[in-house]
Amino acid sequence: MGHEKEQETAGDELRRPEPPALPWTVRLQLFALVTAVDLVQRGDGTVNRFLFSLADRQSAAAARPDANGVRSGDVTVDAARGLWARVFSPASSGAVESPPLPVVVYFHGGGFALLTAASSQYDALCRRLCRELRAVVVSVNYRLAPEHRYPAAYDDGMDVLRHLGTVGLPAEVAAAVPVDLTRCFLVGDSAGGNIAHHVAHRWAAATTSSSRRVRLAGVVLLQPFFGGEERTEAELRLDGVGPVVSMARADWCWRAFLPEGTDRDHPAAHVTGESAELAEAFPPAMVVVGGYDTLQDWQRRYAGMLRRKGKAVQVVEYPAAIHSFYVFPELADSGELIKEMKAFMERNKPPKYC
């Protein structure tokens, strides 16, 4: 009888839930996104860049402050490989003797293969982070797979941090607002969360002069893209129910990004085991998990790995959240997330601010 009860409970746990209740505007945007993704992800592992460009609306940088007092400008880091970043900053500090602002280095999502720092949803999100977190946001336009596989995106993230440590922020930003590079937070969503983790690990292990100037105060991973050959309970239960990330789309992204001939247990994807490398100085982390995200089991395992290795980690769960909920300001959870991020940044100030 007890065994039958166990089987019944296991069956209940794997029972597929009803699709999430979403505003029609969000459903329409999600439909357009997943349709475009499915059309451009070719079977041979390449991307139809031209076709995706028709769906990926781009926003230009704007030196003139918007209605909320945020301006932006593009900075070239390495012209030879097309590496650049978009810097969002308040037009002024807002007070005569306001404390220096923290710096948020942002890595966008897109399965390592799609979207840019200029994609309209990420331009809008970074403007919002700049305004509501009171931070200078540096959004990294890293190179995309499959044209640039692992470790290109990680290398690009490191080089943007080196650029900040040697060249600094644009003169017009430094002249308008005080900035503190010892309060640098890496933030990334989905594949960008994966990049943020690996860049944080590399940077924390570095001992260069630029790494001493740019201090990582924390890392925020928004529904980070981790994985492995194993199929988790959430992947099986939510495949085809949670929008955006399905097992088929995720598998395609890993094949496009990881070195040819490797599988999803490669260290770039599978960071949750006991053998995962982690620098001693790895910063405090905040991991955001959504209840309708097929990746959630990997994200919780990642947080568990950090705890086992003695690192400070905060897990923030939104039971009704879909993957990429943070780019939709009309969803209440996106507003709650901003509050949690702000509190995390406040808790992880350097001692000189306490």
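1. Cysteines. The sulfur of cysteine 184 lies 13 Å from the closest cysteine sulfur, that of cysteine 126, which is too far for a bond. Under the rule that a disulfide is a pair of cysteine sulfur atoms within 2.5 Å, the count comes to zero disulfides. Cysteine 126 accordingly takes part in no disulfide, and the cysteine sulfur nearest to its own, that of cysteine 130, is 9.2 Å away. With buried meaning under 20% relative accessible area, exposed over 50% and partly exposed in between (1.4 Å probe, protein chains only), cysteine 184 counts as buried at 0% relative accessibility, and cysteine 126 also counts as buried, at 0%.

2. Basis of the values. This is a predicted model, in which local features need pLDDT of at least 70 and side-chain atom pairs count only at pLDDT 80 or more, whereas totals for chains, interfaces and linings use all residues. Residues are numbered from 1 along each chain as its sequence is written, and side-chain values use heavy atoms, with hydrogens and water left out.

3. UniProt, in an unreviewed entry, places the feature "domain: Alpha/beta hydrolase fold-3" at residues 104-326; its positions are given in the numbering used here, feature names are shortened, and annotations may be inferred rather than shown by experiment. Over residues 104-326 the chain is 38% helix and 18% strand, with the end C-alpha atoms 16 Å apart. Helices (H or I, at least four residues) and strands (E, at least two) are DSSP runs, numbered from the N terminus.

4. Salt bridges between separate elements. A salt bridge is taken as a side-chain nitrogen of Lys or Arg within 4 Å of a carboxyl oxygen of Asp or Glu, and a search of the whole structure finds 26 salt bridges. In one of them the side chains of arginine 86 and aspartate 74 meet at 2.7 Å, N to O. This pair links distant parts of the chain, with arginine 86 in strand 2 (residues 83-90) and aspartate 74 in strand 1 (residues 70-78), twelve residues apart. Arginine 86 counts as buried at 3% relative accessibility, while aspartate 74 counts as partly exposed at 43%. Glutamate 317 and arginine 300 also meet through their side chains in a salt bridge, at 2.8 Å, N to O. Here too distant parts of the chain are linked, glutamate 317 being in strand 8 (residues 313-318) and arginine 300 in helix 11 (residues 296-308), 17 residues apart. Glutamate 317 is partly exposed, with a relative accessible area of 39%, and arginine 300 is partly exposed, with 30%.

5. A salt bridge within one helix. The side chains of glutamate 336 and lysine 339 meet in a salt bridge of 3.3 Å, N to O. Because glutamate 336 and lysine 339 are three residues apart in helix 12 (residues 332-347), they are separated by about one helical turn. Glutamate 336 is partly exposed, with a relative accessible area of 37%, whereas lysine 339 is exposed, with 54%.

6. Charged network. Salt bridges link Asp78, Arg81, Arg143, Asp156, Asp159 and Arg162 in a network. Arginine 162 lies in helix 5 (residues 152-166) and counts as partly exposed at 37% relative accessibility. Arginine 162 and tryptophan 203 are 41 residues apart in sequence, yet 9.4 Å apart in space, C-alpha to C-alpha.

7. Aromatic pairs. Rings of Phe, Tyr and Trp (its six-membered ring) pair if their centres lie within 6.5 Å, and planes under 30 degrees apart count as stacked, over 60 as edge-to-face and the rest as tilted; by this rule the count comes to twelve aromatic pairs. Phenylalanine 225 and tryptophan 254 form a stacked pair, 4.1 Å centre to centre with 25° between the planes. Phenylalanine 225 lies in the loop between strand 6 (216-222) and helix 9 (233-238) and tryptophan 254 in helix 10 (residues 247-257), so the pair ties together parts that are 29 residues apart in sequence. Both phenylalanine 225 and tryptophan 254 are buried. Ring pairs join Phe112, Tyr150, Tyr154, Phe225, Trp254 and Phe257 into a cluster.

8. Nonpolar surface. Leu39, Phe50, Leu51 and Leu54 make a nonpolar surface patch of about 450 Å². Patches are made of residues with over 30% relative accessible area and no salt bridge, like charges being joined within 9 Å and nonpolar side chains (Val, Leu, Ile, Met, Phe, Trp, Tyr) within 5 Å; accessible areas come from the Shrake-Rupley method with a 1.4 Å probe, and for residues only the protein chains shown count as cover. The largest share of the patch, three residues, comes from helix 3 (residues 49-55). Leucine 51 is found in helix 3 and is partly exposed, with a relative accessible area of 31%.
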